[in-house]
Amino acid sequence: MMYAQNADGERVTASPGAVAGCPSCRTPVRAKCGEINVWHWAHISAEDCDPWAERDSAWHLSWQEAVPADRREVVMQPHRADIVAADGRVVEVQHSGISGDEIREREQFYGKMIWLFDATDCADRLVIRPRGNIVTFRWKYARKTVAQCSAPVMLDLGRGWILCLEKIHPTSPCGGWGRMVSESSVRRWMSDGTLLDQQEFPEADRAAK
C-alpha cells in the first residue's frame, strides 16, 4: 500500500518513523522503508484488509505515476482501485498471476474498468506480425486467464509498446490480434483523457527467442 492517512486525514507516503492508518479499515499501518523493496505501508495487526492488493513493484508504481496522486489507490470500499483514469474508468494494474474467478469478481465489482497486465517478462515469447492497421500474435507459454477478461485488456510489452487486445484464443497455440499503441499515449489517456494514438509497429516480425 503506497498511501496511508495521517492524523490530519491527509494521504501520505511511507517514510522512516512515520505514523498513519489504513484509509480503508482505519487500523494502524507501519512504514516499511528498507533498502530493497519500494517504500510502502503495511498493516500491523493482520494481512492487508483488501484481499486484492498485491505487492507494489517498480512497474506498478511507474504506471500509477501517470495520474495525479488523488487518482491512485482510490478507496472503493472494501477495495482500493489501482488507478482511476480521466474518464472515470478503473485501471487494474496487474503484475502477478490472477485466477479466472478473481478476474470475474473484480469486473463485477468495478464495472467500468480496464486491465493493464505486465507482459514485460514474456514479450520475447510473443511473435507479433503487422497486418495493415492491426497486429496478429502468437504467445508461447501464455497467461491464458487473460482470455477470461470481459473488460478491455492492455498488455505492457516493455520498450514503450502496449498491445490492446481485440481477440485472444486460449487454446494452443495461443494467439489472437490487437492494436499497438505507445506507452506514452496510454499514459496521456490515463492522465487527461486524450484519445489513444494507434501507431504502426516498427518491426516487421519479432519472433520468440
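The following legends describe close-up views of a predicted model. Residues are numbered from 1 along each chain as its sequence is written, and side-chain values use heavy atoms, with hydrogens and water left out. Local features need pLDDT of at least 70 and side-chain atom pairs count only at pLDDT 80 or more, whereas totals for chains, interfaces and linings use all residues.

**View A. Strands β4 and β5 run antiparallel.** Strands (E, at least two residues) and helices (H or I, at least four) are DSSP runs, numbered from the N terminus. Four bridges join β4 (residues 28-32) to β5; two strands pair if DSSP finds at least two bridges between them. R30 stands opposite A42 in β5. Strand β5 (residues 40-43) presents W41 and H43 on a covered face, and H40 and A42 on an uncovered one. In a regular strand, side chains alternate between the two faces of the sheet.

View B. The structure holds zero disulfides, a disulfide being a pair of cysteine sulfur atoms within 2.5 Å. For C25, the nearest cysteine sulfur is that of C22, 3.7 Å away. C25 counts as partly exposed because its relative accessibility is 30%; buried means under 20% relative accessible area, exposed over 50%, and partly exposed in between (1.4 Å probe, protein chains only). C122 lies in the loop between β9 (113-118) and β10 (126-131) and is buried, at 1% relative accessibility. Its closest cysteine sulfur, in C174, is 10 Å away and therefore too far for a bond.

**View C. Helix α3 (residues 183-192) and the residue just after the helix.** S185, V186, R187, W189 and M190 of α3 are buried. Just after α3, G193 adopts a positive phi of about 85 degrees.
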